[in-house]
Amino acid sequence: MEKATGLGAGKWLTLIIIGLFGQFAWTIENMYFNVFLYNTISTDPGYIAAMVGWSAAAATLTTLLMGALSDKLGRRKIFIAGGYVLWGLSTAAFGYITPENAALLFPGANAAAAAAMMVVVMDCVMTFFGSTANDAAFNAYVTDVTDSSNRGRAESVLAILPLISMLIIFGAFDGLTQQGRWKEFFDIFGLAVSCVGVLAFFLVKDGPELKRADDGYFKNLVYGLRPDVAAKNPELYISFAAFCLFSVAVQVFFPYLIIYIQNYLGITDYALVLGVVLILSSAVSVVSGRFIDRLGKLRFVYPAAAVMLAGLTGMYFVRSSAGVMVAGTVMMSGYMMMAAALGANIRDWTPPDKAGHFQGIRMIFAVLLPMIIGPSVGAAVIRNSDSTYMELGQIKTLPTPEIYLAAAAVLLLTFIPVVYLRRRERGKNSADREENA
């Protein structure tokens, strides 16, 4: 199977195009569905936490099922291409969810509550298609075509795609949301993602070493959930735990980021502010890729975490646009570097013949648990702050700076599994040197 060192321009372009347009859809889900729900339907943070949690559960279950199926069939292309087409269509459907339409469908229910629940349910549907295409198939495809010598570089490129996605959406399309033109906003990106799905039928080529698996589907489905498998792959599961704690810290503040900047800080030109943050932190992430491979993925986690902690602390104190640019750049740079290093480390320990299946296990630790725990922690912090305001006779709850301190506290826990992994790594290196002496 061709590896990253010999990918060539065509395959790198395939990774970037498919990865970027997938991130458009995930950016809208992770950041704009929250704003859409908050601005047009309900300001109750409980709905946001519920939406994030249920979609995380849908993403994890989908990735487990479809990742194992892609391994069983020995196919990635059909899942990527077909999934993207349906992913785009389901994204466009959000433009039709309004309290007015909910009242027509459920005349006896509270219109706002019914519409909020429609968003939650539709988010799960959209997530099913997205996780099939991106989390299960595309991530397995990336593992198929990379190796341990260059995954830091590959991950650092893939890690900036969410930032580039946010930059493009904030810079060119955020005005549609501020004008309340949500239907046009969702239609544009839904169509774009579906078109890339069609393009993927021609771009993606399954590797020649990817074969149909002989073992049973259901046996393969529960493979990574077996205690004996975890015991045989301790580094992989400890790496999952490290990524889980890191992701919980991110999810404490990330679902509320735009709402915080727009409503608590009162920064109306947040698209410009976030644009500067994303450009600078993307540049840092690309440069860091070479250092991740040279220094070692786990060694690189320490300075990356220190940078992110400094940024989170800064976000607690800053109140101006300039302050958010500085602190936000530091925070997001650390976030990108940690995501690249920890993600590459997981790929190194993933059994090659189970790449599709282990995407589902990864989702448990990287998405399901973080997106249930993190937003709930953030919502609890917000509710206990008593920061509210009155608008049109309704009391609205505001995210507060304490969410960044809570995120920093959780991030510190990441050091526990990372230190343990570093000790095992040093022990293995010492044993190898003694054996070769």
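Q: Which exposed residues does the face of α7 turned away from its buried side carry?
A: Leu191 and Phe202 are the exposed residues on that face of α7. Buried means under 20% relative accessible area, exposed over 50%, and partly exposed in between, with a 1.4 Å probe and protein chains only. Helices are DSSP runs (H or I, at least four residues), strands are runs of E of at least two, and both are numbered from the N terminus. This is a predicted model, in which local features need pLDDT of at least 70 and side-chain atom pairs count only at pLDDT 80 or more, while totals for chains, interfaces and linings use all residues. Residues are numbered from 1 along each chain as its sequence is written, and side-chain values use heavy atoms, with hydrogens and water left out.

Q: Which residues of α7 are buried, and why do they line one face of the helix?
A: An α-helix has 3.6 residues a turn, so residues three or four places apart point the same way. In α7 the buried residues are Trp182, Phe185, Phe186, Phe189, Gly190, Val193, Ser194, Val196, Gly197 and Ala200. Seen down the axis of α7, they fall within an arc of 155°, so they line one face of the helix. The arc is that of the directions from the helix axis to the C-beta atoms.

Q: How many residues does α7 have, and what distance does it reach?
A: The expected span of a helix is 1.5 Å times one less than its number of residues. Helix α7 (residues 182-203) has 22 residues, and from its first C-alpha to its last it reaches 31 Å, close to the 32 Å expected.

Q: What span should α12 have, and where does α12 bend?
A: The 26 residues of helix α12 (residues 270-295) should span 38 Å, and its end C-alpha atoms are 36 Å apart, which agrees. The bend at a residue is the angle between axes fitted to the seven residues ending there and the seven starting there. For α12 there is a bend of about 30° at Ser288. Just after α12 comes Gly296, with a positive phi of about 110°.

Q: What does the reading give for α5?
A: With 34 residues, α5 should span 50 Å, and its end C-alpha atoms are 47 Å apart, which agrees. At Ser131, α5 bends by about 45°. Helix α5 is mostly covered, as 26 of its 34 residues are buried. Met117 has its place in α5 and is partly exposed, with a relative accessible area of 44%.

Q: How many cavities of 30 Å³ or more does the structure hold?
A: Rolling a probe the size of a water molecule over the atoms shows where empty space is left. Here a cavity is a set of points, on a 1 Å grid over the protein atoms alone, where a 1.4 Å probe fits but cannot get out; lining residues have an atom within 4 Å of a point. Grid points are joined across faces, edges and corners, and a volume is the space filled by probe spheres set on the points. The structure holds three cavities of 30 Å³ or more.

Q: What lines the largest cavity?
A: The largest cavity holds about 1100 Å³ of space. Its lining has 49 residues, and Gln23, Pro162, Phe243, Tyr335 and Arg362 lie nearest its centre. Elements that give two or more residues to this lining include α1 (8-40), α2 (45-73) and α5 (111-144). With eight residues, α1 gives the most. By class the lining has 28 nonpolar, 15 polar and six charged residues. Ala, Val, Leu, Ile, Met, Phe, Trp, Tyr, Cys and Pro count as nonpolar, Asp, Glu, Lys and Arg as charged, and the others, Gly among them, as polar.

Q: Which residues are closest to the centre of the second largest cavity?
A: The second largest cavity holds about 90 Å³ of space. Of the 14 residues that line the second largest cavity, Leu257, Leu274, Val277, Met331 and Met332 are the closest to its centre. The largest share of this lining, four residues, comes from α14. The lining divides into 13 nonpolar, one polar and no charged residues.

Q: Is Met308 buried or exposed?
A: Met308 lies in helix α13 (residues 297-317) and is buried, with a relative accessible area of 0%. The C-alpha atoms of Met308 and Val330 are separated by 6.4 Å, with the two residues 22 apart along the chain.

Note on methods. On a 1 Å grid over the protein atoms alone, a cavity is a set of points where a 1.4 Å probe fits but cannot get out, and a pocket is an open set with protein on both sides within 12 Å along at least five of seven lines; lining residues have an atom within 4 Å of a point.
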